[in-house]
Structure formats: C-alpha cells, structure tokens
Amino acid sequence: MGLSHLIQRSITKKLFSSKPSNILPSSWFLTDTTGKSFYHSGGSNGAKINSFDDTDSLKISKSSYHVSSGGFMRGVVFWEPNKPVTIEEFQMPRPKAGEVLIKTKACGVCHSDLHVIKGEIPFASPCAIGHEITGEVVEHGELTDRKTIERFPVGSRVVGAFIMPCGNCFYCSKGHDDLCEDFFAYNRSKGTLYDGETRLFLRNSGKPVFMYSMGGLAEYCVVPAHALTILPNSLPYTESAILGCAVFTAYGAMAHAAQVRPGDSVAVIGVGGVGSR
C-alpha cells in the first residue's frame, strides 16, 4: 500500500482526539523583517515570484499567494551534534519538475529530528530538519506534468510524508513507497533531492544546506509531489501534521510488526507521539 493511500486512510478515520503538543505552527518563528513584499501570482504552471519596492502598489487577486518578505524565508538549521539549532535566513527555495513549493502551516517535532540533533542518526550537515508538515501549495516546478498540477492546484491544502517517494523506482512502481530507492540513496544518504542537489541556500553566503526530508521547520519547503496528499478542509493544519510520520509508524507497528487483528488485546509501551496514535 502506497504512502499516499495510507495518509488517505488515516484521514478517513480522523485519528485526532486532542491537539498534539509537539506540533509547531509556522508562525512561531516568523516576522516581517524588510520593507519589500513578494507574492506568487498563479499561472498555468503554478506561481511566479514578483518583487515590489516600498512605493509600488501590490494588487492581490484570487490567484495570488503571499511569499516571504524580501524574497527569503526563515528555517531551523542543525549544524553539529549536541549543539543548539539556529534559525537562519534562506534564499527562497524553488521547485523543479515533479516538485511542489509548499507554504508551511505546521510541522511536528519528531523524535527522528532529535536523533539527528544528538548525532544518533548520521546525517549531512548543516541541514534543515522537520518532516511532519501540512501546508498550502504555492508553486509547481517548471515542466511538472499536467496531472500533478491538476491534482495539486495552487492553493491546495496538503499533508506531506516523511518518506518522499520518487514514484518511479522498482519499489515505488510496486506500491512499496516506504522502500523508495531514490529517497534512501539521495535524501537519507546525501541530504539532497533526487537530482543530487539541495533546494536550500543561506541568504547571505549562498552556502548550501542539506535537507532532512523536505526540511519542514521553515516558512516554505520543496516536496516531491508523490509525497503529498490533499488535506480535507474539515481537518485542521496543526493536528494533521502527524499524519505523514507518527501515524505511519503506528500503523506499520500494528499492522506489520505486531500483526494486530480486530479483537486482539494489546499493551502500548511508551505513549509518546507514536504510541498515542
């Protein structure tokens, strides 16, 4: 069963009983720091960034979506094990073919992120962390196929998955998205997307920053379209961020590792982000 189907199943079951304490709305670290405004004006292939000086007038239409002030965004960066993460300014990331630029609405703080910070999971650094996201589609990468654009039109509410399937490898073609070859060969091994490059560069120095999944603890993030699922209007952004990670892990533990079946009696040891699901 593919990741998007699992998310859809979880959405259908509405697995939300209370507001998780480890989910951060994107506004928690964002402030307007310049006098310039940027916006995305929707087009046939997504959105285009346009800049305005202080004296310019900014016309907003139904197809316009606000982007970070000054053409940059903020995000959380991990530099080295057991050192505090920092909030840095990045150049606005841009998606490529088959990718989507998401305006982050909420991102969970997963224990996997903490493993990276503690050096318990080797990963390229500096890197942007965060992989439990919900958000709004603001742009499609150039040459993205029509079906993807129609499935995720600009303005769509979406939820992401921590494993970002390429959709083309041996495992993805068989519906085993969780074993995606490109995800582990590029993102987990090198901290890049599937062309071998990151989409994140520091604003002032231009230094590249690696991506732990999509680097979701930021104002905006670039996500392969195969890792996204439409989020119904009835589900809130904040609580839904766990769908792409904690819910997957809990489902996998029950259905595959423990092979729990209806009527079984079980004991949940450790009711954290996963156990509470």
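Here are some notes on the predicted model above, point by point.

1. Ground rules. This is a predicted model, so local features need pLDDT of at least 70 and side-chain atom pairs count only at pLDDT 80 or more, while totals for chains, interfaces and linings use all residues. Residues are numbered from 1 along each chain as its sequence is written, and side-chain values use heavy atoms, with hydrogens and water left out.

2. The overall picture. The protein chain has seven helices and 14 strands (DSSP runs numbered from the N terminus: helices are H or I with at least four residues, strands are E with at least two). Of its 277 residues, 45% are buried (buried is under 20% relative accessible area, exposed is over 50%, partly exposed is in between, with a 1.4 Å probe and protein chains only). Take the contacts (heavy atoms within 4.5 Å) between residues at least 6 apart in sequence: 72% of them join residues at least 24 apart.

3. The Glu-139 pair. By the salt-bridge rule (a side-chain nitrogen of Lys or Arg within 4 Å of a carboxyl oxygen of Asp or Glu), the count comes to eight. In one of them, Glu-139 pairs with Arg-94, the closest N and O atoms being 2.3 Å apart. Glu-139 sits in strand E9 and Arg-94 in the loop between strands E6 and E7, so the bridge ties together parts 45 residues apart in sequence. Glu-139 is buried, at 5% relative accessibility, whereas Arg-94 is partly exposed at 38%.

4. Lys-96 and its partners. Lys-96 bridges to Asp-195, with the closest N and O atoms 2.7 Å apart. Lys-96 is in the loop between E6 and E7 and Asp-195 in the loop between helix H5 and strand E11, so this pair joins parts 99 residues apart in sequence. Lys-96 also bridges to Glu-197, here with 2.8 Å between the closest N and O atoms. Lys-96 is partly exposed at 34%, and so is Glu-197 at 41%. The network of salt bridges links Lys-96, Glu-99, Asp-195, Glu-197 and Arg-199.

5. Helix H7. Ala-253 belongs to H7, residues 246-257, and is partly exposed at 37%. The buried residues of this helix are Ala-246, Val-247, Phe-248 and Ala-250. Not counting residues up to four places away in sequence, Ala-253 touches Ala-258 and Gln-259. The C-alpha atoms of Ala-253 and Gly-275 are separated by 9.8 Å, with the two residues 22 apart along the chain.
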